[in-house]
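Please look at the sequence and the structure shown here before reading on.

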Amino acid sequence: MQNKKGRKELSYNPQITVDSDSGIIAANGVTQDCTDHHQLQPQVEMVEANSGELPVGTKTSSDNGYFSGSNLRYLERKGLDGYIPDSKQAQKHKGKKVVDSPYSKDKFDYDEANDQFICPNGDVLVRKGEYMVKGKLQYSYSGAKCSECPFQAECAGKGKKKKITSDDYEAERRRMAAKMQSEAGKEEYKKRKATVEWPFGNIKHNMKFREFLTRGIANVCNEFNLVCTAHNMKVMWAKLCRMGISLREIVGLVSGQAAKVAAN
Ligand code: SF4
């Protein structure tokens with residue numbers, strides 16, 4: 001697949017969705033797409049195919065790789081309570097310094113009902129045009145009285161008028177940003193690290209699975225499915241042990257069921 005530097009290399013991008021209570025991998029997949037943008041919806045669909053429809057309000061969290069307007073809209077329409085940081089929030093989570101301007105786009109309020117932006121000086125930017133960028137529809141907003149504004153140089157540039165670019169998903173992005181900035185949102189997102197990172201740690205470190213042995217996307221998908229199944233069996237085994245259920249009892253239970261099935 002193409003790596004982030006635009007070079008081609010023989011590699012795969014594995015995906016997992018983990019149930020936070022149990023640590024069970026509820027869905028897995030492998031793609032040769034170098035970004036995760038297009039993987040959220042297939043993962044949710046696979047979870048539902050494996051475990052049934054997710055109840056409305058189910059919390060799901062994903063890292064910034066899954067942040068896209070269409071993913072945010074998908075989660076909202078399904079009634080799922082998603083937590084995904086935008087790139088600025090992701091940088092902050094990583095402890096990186098973020099250069100912030102009082103006139104960056106996120107400092108402009110978005111008025112969804114009227115599809116317009118309100119600038120820090122209280123002026124309004126309305127939609128003036130639309131154009132395509134890499135096959136995606138973009139809108140441009142302008143119209144504030146920047147030439148009369150004391151902040152013009154810093155906000156728009158000396159003698160210039162401010163322009164803002166957006167698309168059809170501005171409202172979803174604003175709702176997600178507000179949720180991720182809330183204390184409750186930050187707490188919820190913190191849980192993600194423990195939920196998803198330890199299965200990968202278990203697979204890589206404890207199970208010593210660091211590279212695929214097969215080649216070709218179909219074979220690699222099967223291989224990764226086996227690895228995830230092994231992880232799930234380990235998790236279930238540990239839980240049964242903690243409940244005091246012995247191997248003898250499990251074997252007895254399974255062979256009892258098998259005998260019943262055979263008798264039927
Ligand atoms: S420069 Fe224009 S957009 Fe920026 S704060 Fe002033 S009026 Fe608003």
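## Helix α5

Helix α5, residues 170-181, has 12 residues and spans 16 Å from its first C-alpha to its last, close to the 16 Å expected at 1.5 Å a residue. The expected span is 1.5 Å times one less than the number of residues. Helices (H or I, at least four residues) and strands (E, at least two) are DSSP runs, numbered from the N terminus. Buried residues of α5 are Glu170, Ala171, Glu172, Arg173, Met176, Ala177 and Met180; buried means under 20% relative accessible area, exposed over 50%, and partly exposed in between, with a 1.4 Å probe and protein chains only.

## Basis of the model

The model is predicted: local features need pLDDT of at least 70, side-chain atom pairs count only at pLDDT 80 or more, and totals for chains, interfaces and linings use all residues. Residues are numbered from 1 along each chain as its sequence is written, and side-chain values use heavy atoms, with hydrogens and water left out.

## The two domains

The protein is divided into domain 1 (13-96 + 173-241) and domain 2 (105-169), with bounds that come from an automatic or database domain assignment. Their centres, taken over C-alpha atoms, are separated by 34 Å. Seven residues of domain 1 are in contact with 12 residues of domain 2, contact meaning heavy atoms within 4.5 Å.

About 750 Å² is buried between domain 1 and domain 2, and carbon and sulfur atoms give 32% of that area. Arg73, Arg173 and Arg174 supply 68% of the area that domain 1 buries against domain 2, more than any other three residues. Buried area is the accessible area (1.4 Å probe) that two parts lose on being put together, summed over both. There are three salt bridges between the domains, each a side-chain nitrogen of Lys or Arg within 4 Å of a carboxyl oxygen of Asp or Glu. Asp167 forms a salt bridge with Arg173, in which the closest N and O atoms are 2.7 Å apart.

In helix α1 (residues 40-51), the buried residues are Leu40, Gln43, Val44, Val47 and Glu48. Seen down the axis of α1, these fall within an arc of 135°, so they line one face of the helix; the arc is that of the directions from the helix axis to the C-beta atoms. On the other side of α1, Ala49 and Asn50 are exposed. The buried residues of α1 pack against β1 (13-18), β2 (25-31) and α2 (69-78).

Leu54 lies in the loop between α1 and β3 (59-61). Leaving aside neighbours within four places in sequence, Leu54 is in contact with Val44, Val47, Glu48 and Leu80.
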